[in-house]
Amino acid sequence: MHHEITFPTHEATVRALHAGDTVTIQGEIVGIRDATQIRIFDQGQEPPFPLGGAALLHTAPNVRKLADGSYEPMCIGTTTSARMSRFTEGLIRDHGARAIMGKGGLLPEALEPLKAHGGVYLAIVGGAAALETTQIEAIEQVEWEDLMPECLWRFRVRDFGPLIVGMDSHGESLYENVQVEARKRLDESIYARL
Amino acid sequence: MSTMASTDLATAVEDAAAHLYVWALKDIPQDLRDALRDAMGRETHKVGKRILETINTNVSVADEQGNLVCQDTGIAVFYARVGERFPLHPARIEAALREGTRRATLEHPLRSNTVHTLTRKATGDNTGHRIPHIHWEFVPDWDGLDVKCVPKGSGSENMSFLKMLVPADGVKAIKRFVLDSIVGAGGKPCPPGIVGVGIGGSADLAMHLAKEAIARPVGTQNADPDVAALETDLFGLLNDTGVGPMGLGGDTTVLAVHVEQAHTHITLNPVAVNYQCWAARRASAHVSAAGDVDYDREA
């Protein structure tokens with residue numbers, strides 16, 4: 001099933017999503033990365049703008065600073081999410097974010113906080129940065145510029161996607177399903193053909 | 001006979017390196033485009049097909065916009081084949097490749113990824129201690145230079161695996177290790193890509209060979225028929241796992257498997273896996289002794 005969602009949104013919106021559904025996003029998304037989340041959670045600093053209802057994107061964009069101090073997108077892509085899995089609970093439970101977007105999936109332990117507090121993991125097509133950049137209409141706000149390029153970014157997007165619901169708020173993960181199926185194929189037939 | 005001064009030849013190599021780095025990031029080779037298009041046509045899994053369609057669209061958008069295919073400008077890896085009579089010493093070739101990388105990064109500009117491993121302090125120009133890394137091959141009875149640039153992204157490089165297997169476990173253990181590595185990597189290295197496998201030699205040589213393997217064009221086979229047979233076997237086995245594009249399920253887990261081998265010690269059976277993402281960026285140039293540069297999209 002396909003869903004078109006305008007972010008920020010409410011818990012009920014993401015609760016309606018199921019693993020394997022596709023999503024296109026309108027509105028605003030927020031860019032974060034390792035250093036951004038280390039500052040929020042390990043160093044205990046409040047984000048300069050609230051993350052309630054947000055869709056968060058794991059990114060470190062290539063940008064150009066203009067004369068008026070604003071930033072122009074050059075190439076905006078998405079990084080591997082697994083290494084940022086430990087921040088999931090804090091993002092959903094404490095800050096009220098509703099979607100985490102990245103590539104490769106969060107580790108299985110992130111399923112529990114997504115379920116308990118109402119969040120989803122949306123998989124983007126990794127490496128498809130040229131296309132992703134055309135879907136970013138503007139960089140609306142940049143905070144913590146000292147962390148460049150791992151700042152806290154606010155992007156305005158149009159038809160952002162396609163995204164695939166990789167992990168939903170009902171305890172299902174496409175990544176886990178694929179791993180279980182692959183292990184089964186290995187054990188039941190592939191190893192026997194080596 | 002060349003009359004070119006070595007400083008001019010060094011500049012030609014430097015310019016070529018700068019061009020190759022940017023070109024590789026924007027315009028992926030035709031063999032890879034064909035492989036991605038074929039995979040899209042064959043894929044029967046709905047999500048997998050959608051992902052492959054998006055990948056193919058992205059390649060076209062990068063062409064139209066003159067933008068980078070992927071935002072990860074990687075670590076620049078160079079492969080240099082130096083003729084014994086090429087009139088520029090490898091020490092100068094190395095300096096030129098390094099300077100070309102630095103210049104391309106600052107002039108384009110490209111995102112710099114290079115940091116000190118312990119302090120994590122950024123250098124800002126994609127060069128650093130022992131970076132860019134250069135693979136060397138020396139060719140007798142020749143006066144030319146071939147340079148290939150492979151910007152290697154971290155998502156795929158983080159999915160690198162080495163195991164010192166037992167010789168008695170043979171090729172079966174090699175296949176099993178490759179299968180377990182790629183299934184375990186799941187969607188993290190941006191599949192479907194090129195699986196580079198290095199076998200034999202020593203621990204360091206096996207990984208070095210795996211890195212050589214990922215730089216080969218899709219569709220090439222190892223000249224050794226036994227090694228080529230292993231490539232074919234692994235290709236079929238890996239695509240039967242169902243990991244699929246981006247690890248979300250499908251028929252296409254890998255676009256190619258390339259194996260490179262070296263002889264090894266009687267008690268060794270090393271195997272290394274180096275993954276290259278679907279955005280397997282690669283660009284080459286041939287430099288003549290006179291400093292003429294021919295760019296090559298297929299090498």
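Leaving aside its neighbours within four places in sequence, A:Gln37 touches A:Ile32, A:Met84 and A:Phe87, where two residues are in contact if their C-beta atoms, placed from the backbone, lie within 7 Å. A:Gln37 counts as buried because it has 22 C-beta neighbours inside 10 Å; a residue is buried if 20 or more other C-beta atoms lie within 10 Å of its own, exposed if 12 or fewer, and partly exposed in between.

This is a predicted model, in which local features need pLDDT of at least 70 and side-chain atom pairs count only at pLDDT 80 or more, while totals for chains, interfaces and linings use all residues. Residues are numbered from 1 along each chain as its sequence is written, and chains are lettered from A and ligands numbered from 1 in the order in which they are written.

A:Gln37 is found in helix 2 of chain A, helices (H or I, at least four residues) and strands (E, at least two) being DSSP runs numbered from the N terminus. In this helix, which spans residues 34-42, the buried residues are A:Thr36, A:Gln37, A:Arg39 and A:Ile40. Seen down the axis of helix 2 of chain A, these buried residues fall within an arc of 155°, so they line one face of the helix; the arc is that of the directions from the helix axis to the C-beta atoms. The buried residues of helix 2 of chain A pack against strand 2 (22-32) and strand 9 (152-167) of chain A, and just after the helix A:Gly44 takes a positive phi of about 65°.

In chain B, helix 2 (residues 30-42) and helix 3 (residues 46-65) pack at an angle of about 150°, with their axes 9 Å apart. Axes are lines fitted to C-alpha atoms, for helices over the stretch in contact, and angles run from 0 to 180 degrees between N-to-C directions. Helix 2 and helix 3 of chain B are therefore roughly antiparallel to each other, given that angles under 35 degrees count as roughly parallel, over 145 as roughly antiparallel, 65 to 115 as roughly perpendicular and the rest as oblique. By class, the contact of helix 2 of chain B with helix 3 of chain B has 6 nonpolar, 1 polar and 4 charged residues, where Ala, Val, Leu, Ile, Met, Phe, Trp, Tyr, Cys and Pro count as nonpolar, Asp, Glu, Lys and Arg as charged, and the others, Gly among them, as polar.

The contact between the chains takes 40 residues from chain B and 36 residues from chain A. On the side of chain B that touches chain A, the elements that give two or more residues are helix 3 and helix 6 (170-185) of chain B, and the largest share, 10 residues, comes from helix 3 of chain B. By class, this side of chain B has 18 nonpolar, 14 polar and 8 charged residues.
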